[in-house]
Amino acid sequence: DSTNSNIIFPDVIDNVAPVNGWMEVSIYPNPAKGTITVKCPAQSTINVRDIFGRICNTFNTNRSITQINVEDLANGMYLIEIISRDSKIVHKVIIQ
């Protein structure tokens, strides 16, 4: 992963090329306890998946900043899948 100010360009697991370049996404803190913050385009779907790809939670957001409670998730690695109109991108997140 490379970081440029507040924009994170993650290891992309699945990406459908957006019309105007990469989708700007930031997920923090990582590792996380309690809550994670997701910055992504408004009008996105956010899926929290376990390492087997099963969806643990889904959020449809109209905002560019979304707080997600992860207190009920077991410790481990999860995938945060963000789907916007033009692209899909996946970030790895560690829950402690």
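Buried means under 20% relative accessible area, exposed means over 50%, and partly exposed is in between (1.4 Å probe, protein chains only). Keep that handy for the tour.

Before you click, note that this is a predicted model: local features need pLDDT of at least 70, side-chain atom pairs count only at pLDDT 80 or more, and totals for chains, interfaces and linings use all residues. Residues are numbered from 1 along each chain as its sequence is written, and side-chain values use heavy atoms, with hydrogens and water left out.

**Stop 1**

Select Glu81. With 7% relative accessibility, Glu81 counts as buried. Strands here are DSSP runs of E with at least two residues, numbered from the N terminus. Arg49 is partly exposed, at 21%.

You're now looking at a network of salt bridges linking Arg49, Glu81 and Lys88.

**Stop 2: Asp50 and Arg54**

How many salt bridges does the rule give? The count is 3. One of them joins the side chains of Asp50 and Arg54 (2.7 Å, N to O). Asp50 is buried, at 11%, whereas Arg54 is exposed, at 51%.

**Stop 3: Tyr78**

Hop over to Tyr78, which sits in strand S8 (residues 76–83). Is Tyr78 buried or exposed? Tyr78 is buried, with a relative accessible area of 8%. Not counting residues up to four places away in sequence, Tyr78 touches several residues, including Val48, Arg49 and Asp50; a contact means heavy atoms within 4.5 Å. Show Ile51 as well: its C-alpha atom is 5.7 Å from that of Tyr78, though the two are 27 residues apart along the chain.

**Stop 4: the core**

Finish with the largest nonpolar core, which has 18 residues. Such a core is a set of buried Ala, Val, Leu, Ile, Met, Phe, Trp, Tyr and Cys residues joined through side-chain atoms within 4.5 Å. Select Ile27, Ile36, Val38, Ile80 and Ile82, the residues with the most contacts inside this core. Strands S4 (35–39), S5 (44–49), S8 and S9 (88–95) each supply at least two of its residues.

Technical notes: Helices (H or I, at least four residues) and strands (E, at least two) are DSSP runs, numbered from the N terminus. A salt bridge is a side-chain nitrogen of Lys or Arg within 4 Å of a carboxyl oxygen of Asp or Glu.
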